Amino acid sequence: MPILDALAAAKRVLVTTHVRPDGDALGTSAAMVLAMRKMNIQSEVLLLSRLPNKYSFVFAESGIVHHDAEAGWPAALNLADFDALLVVDTGTWSQLPGLKERVAGWKAPKLVVDHHLTQENWADAKLVVTEAAAAGEIAAELLDRWNVPLDKSIAAALFLAIASDTGWFQFSNTRPYTLRLAARLIEAGVDTDRMYQLLYQNERAQRLALQTRAQQSMELLEGGRLAVMRVRKSDFEQTGANVGDTENLINIPLQVRTVEVSLLMVEPLDAGPIRISLRSKGQIDVANFAEQFGGGGHARAAGLKLNSTLDEAHGRVVAAMSRRLSPSASEESPRRHGGTEVPS
């Protein structure tokens with residue numbers, strides 16, 4: 001397999017993932033680092049956004065070295081020290097801000113392991129399995145082919161990946177393979193009770209305050225078929241929350257029986273673009289919808305960015321989605337993939 005061949009030929013590998021990393025991105029990164037450690041390959045992780053506290057255990061407990069590039073390129077990180085780049089859980093430059101320019105003249109092989117539909121052809125070797133519930137599933141397959149045993153640390157990293165991207169195995173992307181893999185990981189020593197507490201009972205009070213603001217902003221449009229929430233810069237300032245605290249807020253309106261599509265629009269604290277997350281119960285392919293704005297993702301979970309004000313973004317995207325939801329709109333058959341958090 002080209003990716004394993006490239007990794008096996010390397011002495012030091014730099015691993016990275018998309019901006020605003022979620023549990024799948026971080027769990028898959030950690031699993032690959034731990035696997036390479038067993039194969040006597042040194043590796044470090046480059047994070048383009050700050051490591052969220054709720055996921056920090058997966059790096060801390062295994063002593064994984066990571067660099068934080070949120071405020072700028074880390075002074076201690078020199079690409080010349082590495083002879084391969086492994087990117088997990090994304091295959092597009094838009095999800096890797098600032099990296100394209102850094103690696104443009106770097107001759108080391110660039111490798112991608114991903115499960116998203118939206119891709120760009122820049123990698124030297126790529127493994128994309130869109131049927132996979134998480135990038136962690138693909139990593140597990142790679143480790144099996146590499147004959148890397150699943151010890152407790154690797155199992156915990158992979159379980160974090162698949163549990164996060166399936167909503168603790170509730171989302172429709174959960175497939176029989178996902179559950180069989182979860183059973184293997186539990187047999188390898190994963191403490192599921194502790195993992196659940198870390199993922200779902202470990203929130204800051206500021207996040208709950210932000211969640212309340214988001215729910216208070218919710219509009220039900222198109223006869224209740226479309227739900228729209230807005231988080232403004234002032235909401236972050238007044239609650240003490242940060243952009244990372246918006247993770248999974250997009251799924252809340254899907255609890256409403258009539259809602260087919262949920263939109264979450266976030267005005268960042270800095271001067272960056274408006275980030276828009278989209279979720280669907282399956283009637284609308286939101287990845288296809290997001291592509292018209294330069295975004296992408298999965299059929300049921302996608303994201304996009306717009307350089308505009310929050311109100312302008314609301315007007316454009318809601319109008320376009322309303323047209324898509326109209327009875328005369330011909331929506332293509334949904335692509336095969338379930339719903340999970342997709343970075344936008």
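What follows is a set of questions and answers on this predicted model.

Student: Why is Thr-246 called buried?

Tutor: Buried means under 20% relative accessible area. Thr-246 has 5% relative accessibility, so Thr-246 counts as buried. Thr-246 is found in the loop between helix H10 (233-239) and strand S9 (261-266).

Student: Which residues is Thr-246 in contact with, leaving aside its neighbours within four places in sequence?

Tutor: They are Arg-20, Arg-207, Leu-210, Phe-236, Leu-264 and Val-266. Contact here means heavy atoms within 4.5 Å.

Student: What makes S9 a mostly covered strand?

Tutor: Of its 6 residues, 6 are buried.

Student: Why is the pair of Phe-159 and Trp-168 called edge-to-face?

Tutor: Rings pair if their centres lie within 6.5 Å, and planes over 60 degrees apart count as edge-to-face. The centres of Phe-159 and Trp-168 are 5.5 Å apart and their planes stand at 70°, so the pair is edge-to-face. The structure holds 8 aromatic pairs.

Student: What makes Phe-159 and Phe-169 a pair, and what does the pair tie together?

Tutor: Their ring centres are 5.7 Å apart with the planes at 70°, so this pair is edge-to-face. Phe-159 lies in helix H6 (residues 152-165) and Phe-169 in the loop between H6 and helix H7 (176-187), so the pair ties together parts that are 10 residues apart in sequence. Phe-159, Trp-168, Phe-169, Tyr-196 and Tyr-200 form one aromatic cluster.

Student: Are Phe-159 and Phe-169 buried or partly exposed?

Tutor: Phe-159, at 2% relative accessibility, is under the 20% cut-off, so Phe-159 counts as buried. Phe-169, at 22%, falls between 20% and 50%, so Phe-169 counts as partly exposed.

Student: How do you know that Asp-22 is buried?

Tutor: Its relative accessible area is 3%, which is under 20%, so Asp-22 is buried. Asp-22 is found in the loop between strand S1 (12-17) and helix H2 (23-38).

Note on methods:
Residues numbered from 1 in each chain as written. Predicted model: local features only at pLDDT ≥ 70, side-chain atom pairs only at ≥ 80, totals over all residues. Heavy atoms only, no water. Helix = DSSP H or I, 4+ residues; strand = E, 2+ residues; numbered from the N terminus. Buried < 20%, exposed > 50% of the residue type's maximum accessible area, 1.4 Å probe, protein only. Phe/Tyr/Trp six-rings, centres within 6.5 Å; stacked < 30°, edge-to-face > 60°.
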